[in-house]
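Biologist: I'm new to this one. Can you walk me through it?

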Amino acid sequence: MASADYLDKMQQRQNYRNLWHTDLTSAITADTPYCCFALFCGPCASYLLRKRALYNDMSRYVCCAGYMPCSGRCGESRCPEFCLCTEVFLCFGNSVASTRFLLQDEFNIQTTACDNFIIGFMFCLQQVACIFSIIAAIVGSDEIQAASQLLNCLSDGVYCTVCACMQTQHKVEMDKRDGKFGPVERVMHAPPMQQMSRIDQAVPPPVGYVPSYPAQPAYGQPAYPQPYGYPTQSYPPQGYPPSGYPPAGYPK
């Protein structure tokens, strides 16, 4: 049942749409000092990253972040710090991978094809080195033994380098999560209905032409303001109509 749950979780990760803030190839340039720290002291970096991924709340700690069959069965609740130290030193590879899965599931981050290729190359190189070591032990050939030692050194170097880049990738992603790169970008949403309504919006001023309709006055105000010095007496003024009006010859 547990293996089926793990398989379903792996299939769900294939549908994630977010990306890492930095990929494995550019992780060393994204934070070079931390990458060097993770390279020479990988277990310490793994401990700090897992604790930070749990928001420094060790009561949430589960061995291998709950992704292994032993998770929850190692007495983590009694002494989570000691269990995490044991995990990062004895199961270093699993500790790095578990932190990676934890971040991917929290932020819906997919693994790019380039990252998959690098991780797959690391695993394949380890398998080839193991096969050569077995063949060298069976055959006893000095040439095969030398080739197996060379492959073992190469696979160990690639493994340490990839793990350091992965941990740097995790650290940069949590820097982004914690707002160390500035405010977090928020998803744009549609404005509320009262903001989308055009009923209460002002009519934009005319551009390039004069409207053919007169401007509507506000209540209690004259339609056209009187210019400065305009007479204010009531209509009709005295002496209206003028004398001699209507003109001669105009029918009464």
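Biologist: Which residues does the UniProt annotation "transmembrane region" cover?
Modeller: Residues 117–139, according to the unreviewed UniProt entry. Positions follow the numbering used here, feature names are shortened, and annotations may be inferred rather than shown by experiment.

Biologist: Helix or strand there?
Modeller: Residues 117–139 are 100% helix and 0% strand, with the end C-alpha atoms 32 Å apart. Helices (H or I, at least four residues) and strands (E, at least two) are DSSP runs, numbered from the N terminus.

Biologist: What should I know about the model?
Modeller: It is predicted: local features need pLDDT of at least 70, side-chain atom pairs count only at pLDDT 80 or more, and totals for chains, interfaces and linings use all residues. Residues are numbered from 1 along each chain as its sequence is written, and side-chain values use heavy atoms, leaving out hydrogens and water.

Biologist: New topic. How many aromatic pairs?
Modeller: Two. Rings of Phe, Tyr and Trp (its six-membered ring) pair if their centres lie within 6.5 Å; planes under 30 degrees apart count as stacked, over 60 as edge-to-face and the rest as tilted. In one of the pairs, Phe-92 and Tyr-159 have ring centres 6.5 Å apart and planes at 80 degrees, so they are edge-to-face.

Biologist: Which helices hold Phe-92 and Tyr-159?
Modeller: Phe-92 is in α6 (residues 92–107) and Tyr-159 in α8 (residues 142–177), so the pair ties together parts 67 residues apart in sequence.

Biologist: Is Phe-92 buried or exposed?
Modeller: Buried, at 17% relative accessible area. Buried means under 20%, exposed over 50%, partly exposed in between (1.4 Å probe, protein chains only).

Biologist: What lies over the face of Tyr-55?
Modeller: Arg-177, at 4.0 Å from the ring centre. The rule: NZ of Lys or CZ of Arg within 6 Å of the ring centre and within 35 degrees of the ring normal.
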